[in-house]
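Hi,

Here is the model I promised to pass on.

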Amino acid sequence: MGLSDSTAIAGTVPESRRSLAARLRVIFMRSESLRGYALLSPTLIVMLLGMCLPFALMVAMSFWTQRGFDIDISFSLTNYGSAISSPIYEALLMRSLAISGTCAIVTVLLSYPMAYYVAFHVHRRKMLWIILMTLPFWTSYLLRIFAWKIVLGWNGVINSGLKSLGIIDQPLEFLLYSPTAVVITLVHAWAAFAILPIYVSLEKIDRSLLEAAADLGDGPVQRFLRVTLPLSLPGVIAAMLLIFVPTVGDYVTPALVGGPDGIMIANMIQAQFGKVNNWPMGATLAIVMMIVLTIIAVVYIWLTRKLAEWIS
Amino acid sequence: MNIKHKIDDLRMGRLSRRDFNKSLSALGISMVMTPMLGKSASADAADQATYFTWGGYDVPEMFGSYIEQHGETPNFATFGGSEEALTKIRAGYVVDVAHPCNQAIPRWVATGLFQTVDTSKLSNWEDVVPELYNLEGNMADGSPYMVPFDWGQTSITYRTDLVDLEGQEESWGLLWDEQHKGRMGMIASAGDSWWCAAIYAGVDFTTMASDESFKKVAEALRQQRPLIRTYTDDMTTLEQALASGELVAAMTWNSSPVVLKGEGVPVKFANPKEGALTWVCGAMIHKDAPHIDRAHDVIDAMLSVDTGKWLIGENGYGHSNAKSFAQFTDDELTALGLSSTPSDILSAGKFQIPQTQEFETAMNQEFENIKAGF
């Protein structure tokens, strides 16, 4: 301020301003981290407003308690106490982890052959193949769930098909409104997240390594186990994590196809924010879920690192 | 184009490929046209009152006189249960008109988020049955907070061809019958299920909040849980499952049997010997309603005889306008489980008693636990 005042009297406003701007410019250009933050700033602002602030609010809320309509904002660990002591939350969390774990494994097992085929045996129009395989991902999430309801339903495609073939007399009831239905629906919905990373890691494999293995006497099975599979593991590991983490928190699928036995932890969280009207408890459950997921993810990454060291 | 109906049609196999393509092309054309028509259309929509209601009430048939006055239906937002609706409104969602039920009135009023309705702005108010608005906590200085609109019962819809009562009277016990394990459906909202289980367990509604009653009802619901195929708030799910035979009995409201009978499915709406759960729902106006005059027009349209005729004839619910019943013969009304003197039905049924917020939270939490298997 003082600088611009004195220069204004001297009548050299434009010049001195330019010099100030130029100096700031120099500082800015010299500092690599400042330039980095500037480049990141739109994302940072969105992250701050859209992620960090709500998250901080949620953490704070998890220490509050609900009393009727009002929220008592004095610090309390009651919610965490009941989250840990009531068996229901533990059971729901375990069920969610089991469903998502199964889902991640099944998705990867089903997607691997598809990605393998496109990477090694398709030579023209690879992109078209990839697009076709990930096509389910292009339709609305809700539409996919309802489509599965029709396929798995009591008089749905599978049941009426099996019935007309005379294989069963009574419709198979476990198909819909069960954890199985949740796994099937999620596997289909998330297939794209397994096919793409696995395909990319398979595609990168240097073909001469395979030739070398063949020259040194490996059969097709050995060649796959000793060369292709280890080299494609990064894709597999990424795919598992990509599917496991978001599906644990899914509540739409279990609500629509899960039935009483397929309810997951996220349905309970949603109920707390909705009809149960106990937001602090909902916040606590969400945080507990996040902590458990973080621990699992860290252990998983550590294990895969060890595995990678052991292989090489 | 009603998407939900189209999807239903598709599921039931009533939609041919040609029809389906027609719908798709209509959708495509409207999507392409939206940006062009957008200006006038969206300006209109912004000016309309917002009506926050149960799924299924978001239809133009209910708002004949409103559409005549303002050219379009109100804007709709739907909920699956009134607790969910209250939570959303308390979190800051401002609507013009919302649609709770009698048992919720004192708690909704206690939030301070609603204003009384100016009945002088309602041309049909004179014809409203007084028993329906003289409810606990509803009237303030002669003005109602909730203007009654629909009333009816929660009971059991069962397949007459698949359920054999063996000459016994209809009873809530049907939904606890081991014979039909895995073939029965329940409403997921405790607002219905908890109270019906209380009737089954023989709990007096005046003692609902006591610990003993709470345990008794929870025990009944826990005992029932392994028998239930699905808990849902979506009536269409229950109706379709009843139509296919996946379910033989389900807890529903009056409209489900009417819809199913219309499709030729052999069903009956039970009149349980213990009594059905009776409720009155209606319209409340938000204290900061942005379209206060139009909010009154929405309510007035809901009270009209035309709307009543649709509500009774197509849905089987009772209407609050006494004149609506004159459109039907006594036989028609009896077949729907209604009567030209609504007080007969209302006094025969079990009427929910408003409870505290603490009770509602405890009840909903417990029912969530029970549904999850605990």
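Let me start with a salt bridge: Glu360(B) pairs with Arg107(B), with 3.6 Å between the closest N and O atoms (the rule asks for a side-chain nitrogen of Lys or Arg within 4 Å of a carboxyl oxygen of Asp or Glu). The rule finds 1 salt bridge across the interface of domain 2 and domain 3 of chain B.

Some housekeeping: this is a predicted model, where local features need pLDDT of at least 70, side-chain atom pairs count only at pLDDT 80 or more, and totals for chains, interfaces and linings use all residues. Residues are numbered from 1 along each chain as its sequence is written, chains are lettered from A and ligands numbered from 1 in the order written, and side-chain values use heavy atoms, with hydrogens and water left out.

In contact (heavy atoms within 4.5 Å) are 16 residues of domain 2 of chain B and 14 of domain 3 of chain B.

Together these two domains of chain B bury about 1200 Å², with carbon and sulfur atoms giving 54%; that is accessible area (1.4 Å probe) lost on putting the two parts together, summed over both. On the domain 2 side, Gln103(B), Arg107(B) and Tyr317(B) lose the most area to domain 3 of chain B, together 41% of what that side buries.

Cheers
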